[in-house]
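Me: I have a chain open and want to learn how to read it. Where do we start?

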Amino acid sequence: QVQLVESGGGLVQAGGSLRLSCTASGSIFANMGWYRQAPGKQRELVAIITRGGSTHYADSVKGRFTISRDNAKNTVNLQMNSLKPEDTAAYYCNARALVDHWGKGTHVTVSS
């Protein structure tokens, strides 16, 4: 059974940093990544990373967020710097192994 467990969300002031972590179990995953959903908005891609280490970022986070993964530990991390109030959202870990798997989400709130 696939499980994804996120950690690291919280409240931070604008300009601050947070690091999100996700530990996956139950399969070998190709792409892993992070999505977010703000209140009243659709879920959107934040960043993804392939098993080989290739990355893709949403334009809104380029230069501020860094995604990384440890294949041996089945973990994916998201280092978020220079946070803005518009980064406030629930952040969801995603891992793909034939189908998409999702974590339950962790909340990030950035105060102005």
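This is a predicted model: local features need pLDDT of at least 70, side-chain atom pairs count only at pLDDT 80 or more; totals for chains, interfaces and linings use all residues.

Me: Take Tyr 91. What is Tyr 91 in contact with, leaving aside its neighbours within four places in sequence?

Reply: Here contact means heavy atoms within 4.5 Å. Tyr 91 is in contact with Trp 34, Leu 78 and Met 80, among others. The list also includes Leu 20, Val 46, Phe 65 and Val 108.

Me: Now the whole chain. How many helices and strands are there?

Reply: Count the elements, then read their order. The chain has 0 helices and 11 strands. Along the sequence the pattern is β-β-β-β-β-β-β-β-β-β-β.

Me: Why call the chain as compact as a globular protein of that length?

Reply: Compare the radius of gyration with the globule rule. The radius is 13 Å, close to the 13 Å that the rule gives for 112 residues, so the chain is as compact as a globular protein of that length. The C-alpha atoms fill a box of roughly 40 × 25 × 20 Å along the principal axes.

Me: What share of the contacts joins residues 24 or more positions apart?

Reply: Take the contacts with a separation of 6 or more. Residues 24 or more positions apart account for 53% of them.

Me: And burial and surface?

Reply: Read the two together. Buried residues make up 40% of the 112 residues. The chain exposes about 6000 Å², with carbon and sulfur atoms supplying 48% of that area.

Me: One last residue. Is Glu 44 buried, exposed or partly exposed?

Reply: Buried means under 20% relative accessible area and exposed over 50%. Glu 44 has 36% relative accessibility, so Glu 44 counts as partly exposed. Its place is in strand β5. Not counting residues up to four places away in sequence, Glu 44 touches Tyr 35 and Arg 36. Glu 44 and Ala 58 lie 14 residues apart in sequence, and their C-alpha atoms are 8.6 Å apart in space.

Note on methods
Residues are numbered from 1 along each chain as its sequence is written. Side-chain values use heavy atoms; hydrogens and water are left out. Helices (H or I, at least four residues) and strands (E, at least two) are DSSP runs, numbered from the N terminus. The radius of gyration is taken over C-alpha atoms; the globule rule is 2.2 Å times the number of residues to the power 0.38. Buried means under 20% relative accessible area, exposed over 50%, partly exposed in between (1.4 Å probe, protein chains only). Accessible areas come from the Shrake-Rupley method with a 1.4 Å probe; for residues, only the protein chains shown count as cover.
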